[in-house]
Amino acid sequence: MKRHHPRTWSDGEIQHLLSNGYLSGQQYDEIEARVLQRVARAEGGRLREVHSLGRWARVAGAPLAACSIVGLIWFLQTRESANPASVRGQTIEAGTAGVHTAPSRRAVVPKGDAAGDVHAPPSGILDVGCSNDDPHVCHFGDTLYVSVNSAIVAGYVGAYAEPLDSHTKERIWYLPLDDRAVNVPGGAGTVVLPYGVRISPVHARGRYRVTLWLSREPIQRRDPVASRGKDVLALDAVIVEVRP
Amino acid sequence: MDERAERTKDVEMPIFREHPGLIERFREGNPQAVEQVYRYYVRQVDAYLCTLFRALDDRHGTRLNRADLLQEVFVRSFQSAARVAFDPSRPYGPYLRAIARNCFIDALRAERREVLRADIDSSDNVDDQAAAEPFVDGTLRAILTSYLGGLPAPLRGVYHQRYVLGRTQDAACAALGISRRTLRTNEEHLKRGLRKALIAGGVTTNDVVMLANSSLGAE
């Protein structure tokens, strides 16, 4: 773990310059996706589901949608067989994960709202990334940093990674730290935690699902939903690819 | 429609008058209608938040993130109760501005910051064009101007659609007659080119962190 220092121009800074102080069209797109997601969540998922279907139909058409459904079924079956401990409807691995078509690689998000659970913790609040053109692609030696939108919710941060391309599904725990919990106070907007994760050889090459959450009380290194579901204030999952 | 007209169109023609029937679909939560309203107003609300940030930054500086605030404005505005309660005979732009102002004040209070009503009120008199005045100057401005001036036509088109007009992917693709993939590729070229120009110009990252602090909000 080491403190994160930006070493190059971030995508946000470049976009800020290009748009002369305004946000860019790309940022508007991302905000739109989050707005529709949050409004849909408050309305039991209807808005987002219809929206997503409409976009799919416009962009890819029915054949691609059919392929994606087959792929999703395969994906869920593979994951369930690889992780027999997960229980449907109880953890975010348990059949409640779905493929999200937003531009970022926030590719797997908990979709409890789509299942009618309006009390599922909100997503889109936590993120991870490295200082690369594509922040969700990290190279060995890079530092993975965690950002939290504390304007929306505050609490204790937890994070772990699970390899998606490896037979071993062993979790790599990032937060809480070995000796202490990490608290993010509210009201500061989007903040980057002062703890980064060195992409060391403990990470094999391939894709990882990084699960992040904010909880009311510190949660030890246990599954955030299965163990203390009611304390979880926000929950996100981001796909990060580690390359040599 | 020129850039200024694009940014201030709600003054002349509120969206719900321009598109009869939209209000019903919007109230029902029809996703296309909600998306249409968002796209119509997002730039305008962003410009207003710009003026609020600038009014405040003159004396204080803040760590608030404008993108987060913009998101919050539309989440509040698009909640079911707010959609149903809106009176379509009123213009929607000022309604969004009022929500933006409340979000801004709430965020400042959450930061335990003193809210200076005069600062906020004075920003109401600043038009959107003033908000778009260059926020960078000196070396950065020179590098940016030189870089943008030398852009080839395809990248210039993408720059205009996505960064000057702030259009969404779909709208920019339609205007330019290109695919999403081409748009994304050109955007990456655009950003990569500016990165190179900035590095070649000897500007460090820290210069921008200071300048853009109020809007980026990152620590």
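Let's start with one pair of residues: Gly129(A) has Tyr145(A) as its bridge partner in strand β5(A). That bridge belongs to a pairing between β3(A) and β5 (residues 143-149) of chain A, which run antiparallel to each other over four bridges. Two strands count as paired here if DSSP finds at least two bridges between them. Helices (H or I, at least four residues) and strands (E, at least two) are DSSP runs, numbered from the N terminus.

Before going on, a word about what you're looking at. This is a predicted model, in which local features need pLDDT of at least 70 and side-chain atom pairs count only at pLDDT 80 or more, while totals for chains, interfaces and linings use all residues; side-chain values use heavy atoms, with hydrogens and water left out. Residues are numbered from 1 along each chain as its sequence is written, and chains are lettered from A and ligands numbered from 1 in the order in which they are written.

**The sheet in chain A**

Back to those strands. In chain A, β3, β5 and β9 make an open, antiparallel sheet in the order β3-β5-β9. At its edges are β3 (126-129) and β9 (190-198) of chain A, each pairing on one side only. On average, neighbouring strands of this sheet are turned by 20° against each other, direction ignored; the axes behind such angles are lines fitted to C-alpha atoms, for helices over the stretch in contact, and angles run from 0 to 180 degrees between N-to-C directions. Strands of a sheet pair through backbone hydrogen bonds, either parallel or antiparallel.

β5(A) also pairs with β9(A), in the antiparallel sense and over six bridges. One example is Asn149(A), whose bridge partner in β9(A) is Thr190(A).

How many residues of β5(A) are buried? Seven of the seven, so the strand is largely enclosed by the rest of the structure. "Buried" means under 20% relative accessible area, with exposed over 50% and partly exposed in between (1.4 Å probe, protein chains only). Thr143(A), Tyr145(A), Ser147(A) and Asn149(A) point one way from the strand, while Leu144(A), Val146(A) and Val148(A) point the other way.

**The two chains in numbers**

Here's how the chains look in outline. Accessible areas come from the Shrake-Rupley method with a 1.4 Å probe; for residues, only the protein chains shown count as cover.

| Property | Chain A | Chain B |
|---|---|---|
| Helices and strands | five helices, eleven strands | 16 helices, zero strands |
| Buried residues | 52% of 244 residues | 50% of 219 residues |
| Accessible surface | about 10,700 Å² | about 10,000 Å² |
| Surface from carbon and sulfur atoms | 56% | 53% |

Contact means heavy atoms within 4.5 Å. Among contacts between residues at least 6 apart in sequence, 65% in chain A join residues at least 24 apart; in chain B, 68% do.

**A serine that touches both chains**

Ser24(A) sits in the loop between α1 (11-18) and α2 (25-42) of chain A. Its relative accessibility is 0%, so Ser24(A) counts as buried. Setting aside neighbours within four places in sequence, Ser24(A) is in contact with Gln15(A), Ser19(A), Arg162(B) and Tyr163(B).

**Helices in chain B**

In chain B, helix α12 (residues 153-164) packs against helix α14 (residues 180-200) at an angle of about 95°, and their axes are 9 Å apart. α12(B) and α14(B) are therefore roughly perpendicular to each other (65 to 115 degrees; under 35 is roughly parallel, over 145 roughly antiparallel and the rest oblique). Residues making this contact include Arg162(B) and Tyr163(B) from α12(B), and Leu183(B) and Leu190(B) from α14(B).

Elsewhere, Ile15(B) lies in helix α3 (residues 15-18) of chain B. With 0% relative accessibility, Ile15(B) counts as buried. The C-alpha atoms of Ile15(B) and Tyr41(B) are 9.0 Å apart, although 26 residues separate them along the chain.

**How confident is the model?**

The model scores ipTM 0.73 and pTM 0.48. pLDDT is the predictor's confidence in each residue, from 0 to 100. Chain B has a mean pLDDT of 75, and 70% of its residues reach 70 or more. Over residues 206-219 of chain B, pLDDT is below 50, and this stretch has 34 contacts in the model beyond near neighbours in sequence. Where pLDDT is low, the predicted coordinates should not be read in detail.
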